[in-house]
Amino acid sequence: MSIELRNVTKQFGDVVAVNNVSFSVKDGELIGLLGPSGGGKTTVLRMIAGLEVPTAGEIFIRGQRVNDLSVQQRNIGFVFQHYALFKNMNVFKNIAFGLKIKKWKRADIEARVAELLKLFGLDGLEKRYPHQLSGGQRQRVAIARALAPKPSVLLLDEPFGAVDAKIRQELREWLVHLHTDLNVTTIFVTHDQEEAMEVSNRIVIFSRGYMEQIGPPREVYEQPLNEFVARFIGVMNVLELVVHNGVGQAGELAFPATGYVDGEKIRVGFRPFAVQISSELNEHPYQATLNHTFFLGVMLRVELELASGLILRARMTKEEYARRALYDGRKVSLNIRNYTILSQEHAPLAPELTVPDKFTMNLGEGI
Amino acid sequence: MAGGVPTRIDRQALRKSQRGTEESTFFKWLLITISLLFCAVFLLLPLINVFAQALLKGWQYCWDSLVHPDSWAAIKLTLLVAGISVPLNVVFGLVASWAITKFEFRGKSLLVTLIDLPFSVSPVVAGLLFVILFGLQGFFGEWLVEHDLKIIFAVPGIVLATVFITFPFVARELIPVMQATGTEQEQAALTLGANGWQTFWYVTLPSVKWGLIYGVILCNARAMGEFGAVSVVSGHITGQTDTMPLRVEKLYNEYNGPAAFAVASLLALLAVLTLVLKTILEWKAQREDKRAQRVNEPKSAA
């Protein structure tokens, strides 16, 4: 285990920023801490670095309890959101700073900086000052500076937050390659779920100080533990239903809901993939109009409006869209195959349910 | 004549708008003229007059008045006082502004208010304060006599009064600069293994250097020019406890106008030099600020 948190809590006055969080990171892993702002992810990162002291709980780095170690003693590399480059030092001096502090020999410092400049594609920029660099270059200098003293852990706070969308993509790929090359345990913080999914080996999801789930991107996406995760990762349709005779209904849509009393309100959620569409109006039980088509590359997302005014989002491939001869404004029929009954925001998510064929058939005829 | 009416309205509107700008132009120039005239009459003219009066009896006389033993003693004392109080206030200013901008603590706003106290209190009152504390009849008067220490009517008193009067200058300049820089660079230094002193020396100090130099210049100008507080504690012993401003007063009261103005012109020269340095520094700091701002704005080119 490279890093381990055991029941870590952090309070700022009355505010509980991090609430009883435990997780561990394996050697060489690339972990993304994901969550909305104020979720506690940056506080967790800063506690690992030693920039914040936990109110309760223990933190271990490479098996050593570091609670009482100062920032300087932890041997971590930290990359700040706005890079925090020393603006009065040029690129060389920025990268060499940690080595100079650790009293490396001059020749060794020069060799190490030269090595990093080459690795990070910063050759020839060593005399430049931070204000003479582009956003992407600044970020690379910041990472090079953090890595120079050979830290056991690299921590990055919103590493792509301060650069614009176009180079963000390049930087993500670059970070993945860098991590593969250097194999240093890396933890980064992001509020962008796509970024976390794309880059991380595993994702830790935070919300309001709680750790909601930890797992590989695919697992988190396919098996969200609760509604918060389900809604935060990817897109989810959520409907509020009123139960009547074991059937939950919203507009014309109906879902089996046994075990609830009449008049009780429940909510159901389903992924856009669960919505089946056909241009044959009698193929599926519900009728809707295709309002908008959003192009997402290979995939398309369509917005569907039911007669009752309910709006659903569905996803399909370009090929399927073409095969079904869909276009904006077209009348379609639709069905929802899989859904989940949602309870409280942070409560465990119930297993996914499948609408039985007979149920929809029967209802469909009725409407 | 469908088009006539709107044309007339347009012309009226045009004339109105023109009158508007004329008025504002007139107003603008009026304000500028008043300010310039005021500066010329109340600042520039007296300044020129100081130099003119100093040279009334020629360069030689002016020079002789400056190197007269009593005046020379005053110049040396002024340099000594500034030489002690400015470094003291640099240390105090750095400590205070560091504490105020980098830490959260109770009584922070009280500290900020206290730093401003010397600005708001009359210098004479400040001087009296030290007399009450260290004078013969003061709180520590007896103790000081017993130990044969002299503060009031001696150099230590002058230094104390000057330190008191000038202590806001450095801190006041540094606080906004340190607030603007934030603490991220220092935190970065810590994560790279630097201790507090290394962080201060390599990161904090270079980033506040313009503010610091600016504060030092203003502090120095005031330290050399302070009259009120120093006058109360000095005792006006010619050749011993007279600083330059006190010497000017004494010479003037002795009807030695040209000599008084000769010393005064030195002080005035200091003022002019301070202004020039201040302008240069402001210009330089502004240029660095602009660069720093660009650092914080992400650029698109990788």
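How far apart do the C-alpha centres of domain 1 and domain 2 of chain A lie? They lie 41 Å apart. This is a predicted model. Domain 1 of chain A covers residues 3-225, and domain 2 covers residues 237-366.

**A loop residue in chain A**

Asn90(A) sits in a loop of chain A. Asn90(A) has a relative accessibility of 12%. The cut-off for buried is under 20%, so Asn90(A) counts as buried. Its side chain reaches the backbone nitrogen of Lys93(A) at 2.9 Å. Leaving out residues up to four places away in sequence, Asn90(A) touches Glu126(A), Lys127(A), Arg128(A) and Tyr129(A).

**Helix 10 of chain B**

Helix 10 of chain B runs over residues 209-225. How many residues does this helix have? It has 17. At 1.5 Å a residue, helix 10 should span 24 Å. Several residues of helix 10 are buried, among them Trp210(B), Leu212(B), Tyr214(B), Ile217(B) and Met224(B). Cys219(B) is also on that list.

**Buried residues and cysteines**

| Residue | Relative accessibility | Class |
|---|---|---|
| Asn90(A) | 12% | buried |
| Cys62(B) | 10% | buried |
| Cys219(B) | 0% | buried |

Note on methods:
Residues are numbered from 1 along each chain as its sequence is written. Chains are lettered from A and ligands numbered from 1 in the order in which they are written. This is a predicted model: local features need pLDDT of at least 70, side-chain atom pairs count only at pLDDT 80 or more; totals for chains, interfaces and linings use all residues. Side-chain values use heavy atoms; hydrogens and water are left out. Helices (H or I, at least four residues) and strands (E, at least two) are DSSP runs, numbered from the N terminus. The expected span of a helix is 1.5 Å times one less than its number of residues. Buried means under 20% relative accessible area, exposed over 50%, partly exposed in between (1.4 Å probe, protein chains only). A polar contact is a pair of N or O atoms within 3.5 Å; within protein, one must be able to donate a hydrogen and the other to accept it, and residues adjacent in sequence count only if both atoms are side-chain atoms. Contact means heavy atoms within 4.5 Å. Domain bounds come from an automatic or database domain assignment.
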